[in-house]
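Trainee: I would like to learn how to read features off a model. Where shall we begin?

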Amino acid sequence: MKAQSLFVNMDQLLGEAAKLQVEGYRYVALTAVEIDGQTVELIYHFDLNLGMRHLRLSVQKGTRVPSITPVYLAAFLAENEIQDLFGVVFSGLAVDFKGTLYTENEMRGRVPFCRYTVVGSEKGEAAGQGDNSREDSSGEAS
Amino acid sequence: MKSTVIPIGPQHPVLPEPVHLKLTVVDEVITDVVPSLGFVHRGLEMLVDSRDYHQVVQIVERVCGICSMMHAMCYCQGIEEMMGIEAPPRAKYLRVIWSELHRMHSHLLWLGLFADSFGFESLFMQFWRIREKVLDIHEATTGNRVIVSVNKIGGVGKDLDDDQIEWILSELKNIKREVRRLGPTLLDDYTVKKRTVGRGVLTSQQAIDLGTVGPTLRASGVARDMRQLGYAALGELDFEPVIEEAGDSWARCKVRFKEVLASIDMIRQAAGKIPAGDIAVRVKGAPPEGEAISRVEQPRGEVFYYIKSKGQKKLERLRIRTPTFANLPALLSILPGLYLSDVPVVVLSIDPCISCTER
Amino acid sequence: MFKMTPNILRNLITDKATRLYPFETREPWTGVRGELGIDIEKCTFCGICALKCPTGCLSVNKKEGLWICDPFVCVYCGVCVESCPKKCLYQDLVYREAADEHGKIVMKGEPPRRKKEAET
Ligand code: SF4
Ligand code: SF4
């Protein structure tokens with residue numbers, strides 16, 4: 001899998017995605033993996049004639065990520081899902097559920113799928129992290 | 001003209017599963033659709049935290065109540081790839097047999113539900129009656145009717161003896177005859193055609209752009225089937241993806257109908273070629289650090305597993321992208337412009353499985 | 001009408017497609033994974049079944065010789081049956097009947113003597 005991966009940063013993401021689209025790649029999936037308390041890795045998976053390519057983007061928690069929905073509209077569900085479950089905020093989403101696709105408003109700011117921030121080994125820091133993201137997304141809503 | 005908002009679901013007579021669609025309607029014509037999900041979100045992906053990687057097989061089987069076997073197969077193939085082990089050939093053939101039986105029962109279920117969506121009750125019952133025979137095969141050979149629990153890492157847990165294979169083939173002959181008999185009723189009937197032809201058209205370019213998978217993609221004339229990857233023993237069998245050009249609800253129905261017959265054919269081939277031997281290899285230790293991707297063609301389309309391990313018994317991350325998750329954007333784009341009365345038919349035509357979408 | 005007549009006649013003389021359940025039941029298939037049972041005499045209370053069970057519905061108390069199953073959590077997957085080293089677990093051919101009370105199945109057996117002596 002490493003061989004077909006391309007590490008990108010936020011500025012390159014849309015450009016690389018557009019390049020893949022021109023080549024005819026089909027959007028397959030978007031995966032978020034929490035690396036540690038600070039970083040989430042987003043992996044965009046594409047497919048052309050059964051061959052796969054992956055774009056990898058490391059995201060510091062609390063920063064906004066450009067959405068790839070202008071290029072691949074189909075990604076909007078996955079991006080909303082990640083917004084709900086990992087607390088990563090996407091800007092420019094084609095259909096933005098604002099954190100209510102899977103979770104309800106009361107859940108705003110919690111990150112149920114992040115293992116390090118919810119049940120991290122350093123308890124104090126973990127709680128602080130949770131608070132941060134709560135502020136982030138409540139700011140988002142207003 | 002003023003527009004009205006009509007909510008459909010999450011509980012609705014024709015929707016088999018909980019999805020809520022907010023339809024904006026002008027007169028009878030839909031102009032906008034906003035879906036809302038999350039009624040049955042279970043967070044199964046995060047259960048890998050508390051179970052070891054063998055037990056996750058049973059968890060992923062419960063992602064979907066209909067194509068359970070293929071979820072487990074996909075997961076096991078991913079782990080096997082990571083650990084560098086290979087299932088014995090007999091196990092691979094058995095996986096093909098059971099997974100194709102699963103495809104049949106899922107498609108027959110869908111064909112019934114589809115008939116029900118335009119009010120053809122007796123056809124619905126006929127299809128489900130045939131499906132019951134497939135479920136009987138499941139129950140007799142694996143012990144369970146739908147969630148068959150035959151996969152394990154390194155192979156399969158149950159074997160078929162020669163008598164059972166013989167019996168399966170003779171049952172399949174009957175099933176094939178009965179499915180064939182229902183074909184004209186479903187595909188050539190004037191009323192059915194009136195309700196399905198030209199409804200919810202998806203061109204092949206749209207289908208690719210919107211990331212659709214499975215029969216929804218193939219009904220638009222794109223020959224893309226994950227079985228072309230040749231996983232399990234599929235590489236050794238003759239296989240042609242079923243495609244249709246029209247891209248409407250009727251074409252999607254026809255693709256699924258033909259796939260039932262194609263599955264019967266593949267089971268025949270697999271049963272004819274099945275080698276003798278072990279059905280599982282012993283698996284020791286934990287998956288090594290690394291990542292794997294596994295894809296399998298389910299009845300509804302391509303399922304995608306991303307597995308990440310840190311070398312422990314418990315996996316680091318498991319990501320499941322189910323086929324309906326990929327087909328929903330297409331559904332949202334084909335609904336506008338249709339009549340309100342077409343909604344049940346068109347929603348069902350992508351075979352939505354919402355529970356597995358939400359995992 | 002020409003097409004329908006043979007159909008009607010056939011339906012008149014053939015059997016019903018359904019069974020008169022619950023008065024008539026089908027024989028269970030062999031190998032069905034039904035209700036979980038245990039041969040408590042053979043059990044050594046090693047706890048492997050409880051460890052392997054994906055739902056965590058089994059618990060084994062070695063000291064007192066108890067094997068406890070929560071049948072409402074069990075999903076009939078058969079993992080415990082396969083993994084038991086003494087082959088003392090089995091699955092019936094019929095499923096559990098619907099119950100109106102929540103309860104656990106508690107089986108008491110002889111805890112293995114040698115182990116007990118080692119502990120005391
Ligand atoms: S039932 Fe079998 S696996 Fe479970 S404790 Fe007894 S001997 Fe061990
Ligand atoms: S059948 Fe499965 S769920 Fe039930 S006790 Fe055994 S291992 Fe647990």
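Mentor: Begin with secondary structure. Helices (H or I, at least four residues) and strands (E, at least two) are DSSP runs, numbered from the N terminus. Read that way along the sequence, chain A follows the pattern β-α-β-β-β-β-α-β-α-α. Its secondary structure comes to 4 helices and 6 strands.

Trainee: What ground rules apply to the model and its numbering?

Mentor: This is a predicted model, in which local features need pLDDT of at least 70, side-chain atom pairs count only at pLDDT 80 or more, and totals for chains, interfaces and linings use all residues. Residues are numbered from 1 along each chain as its sequence is written, chains are lettered from A and ligands numbered from 1 in the order in which they are written, and side-chain values use heavy atoms, with hydrogens and water left out.

Trainee: How many of the residues in chain A are buried, as a percentage?

Mentor: First the cut-offs. Buried means under 20% relative accessible area, exposed over 50%, and partly exposed in between (1.4 Å probe, protein chains only). Of the 142 residues in chain A, 51% are buried.

Trainee: How do I read an aromatic pair?

Mentor: The distance of the centres and the angle of the planes describe a pair of aromatic rings. Rings of Phe, Tyr and Trp (its six-membered ring) pair if their centres lie within 6.5 Å; planes under 30 degrees apart count as stacked, over 60 as edge-to-face and the rest as tilted. Over all chains, the structure holds 5 aromatic pairs. In one of them, the ring centres of A:Tyr27 and A:Phe46 are 6.4 Å apart and the planes stand at 70°, so this pair is edge-to-face. The pair links distant parts of the chain: A:Tyr27 is in strand β2 (residues 26-34) of chain A and A:Phe46 in strand β3 (residues 39-48), 19 residues apart. Both A:Tyr27 and A:Phe46 are buried.

Trainee: Which residues form one aromatic cluster?

Mentor: A:Tyr27, A:Phe46 and A:Tyr72 do. Now take a stacked pair: B:Trp110 and B:Phe114 lie 4.6 Å centre to centre, with 15° between the planes. They are 4 residues apart in helix α3 (residues 89-117) of chain B, so about one helical turn separates them. B:Trp110 and B:Phe114 are buried.

Trainee: Which residues gather in a patch of positive charge on the surface?

Mentor: Like charges are joined within 9 Å, nonpolar side chains (Val, Leu, Ile, Met, Phe, Trp, Tyr) within 5 Å. Here B:Arg282, B:Lys284, B:Lys313 and C:Lys52 gather in a positive patch on the surface. B:Lys284 sits in the loop between α9 (249-273) and β6 (290-298) of chain B. B:Lys284 counts as exposed because its relative accessible area is 67%.

Trainee: What about backbone angles?

Mentor: B:Ser149 has one of about 50°, in the loop between α4 (121-142) and β4 (151-152) of chain B. At 5% relative accessibility, B:Ser149 is buried. C:Phe45 has a positive phi of about 55°. The place of C:Phe45 is in the loop between β1 (36-38) and α2 (48-52) of chain C. C:Phe45 is buried, with a relative accessible area of 1%.

Technical notes:
Patch = residues over 30% accessible without salt bridge, like charges linked within 9 Å, V, L, I, M, F, W, Y side chains within 5 Å. Areas by Shrake-Rupley, 256 points an atom, 1.4 Å probe, with all protein chains shown as cover. Salt bridge = Lys/Arg side-chain N within 4 Å of Asp/Glu carboxyl O. Lys, Arg positive; Asp, Glu negative; His and termini not counted. Charge placed at Lys NZ, Arg CZ, Asp CG, Glu CD.
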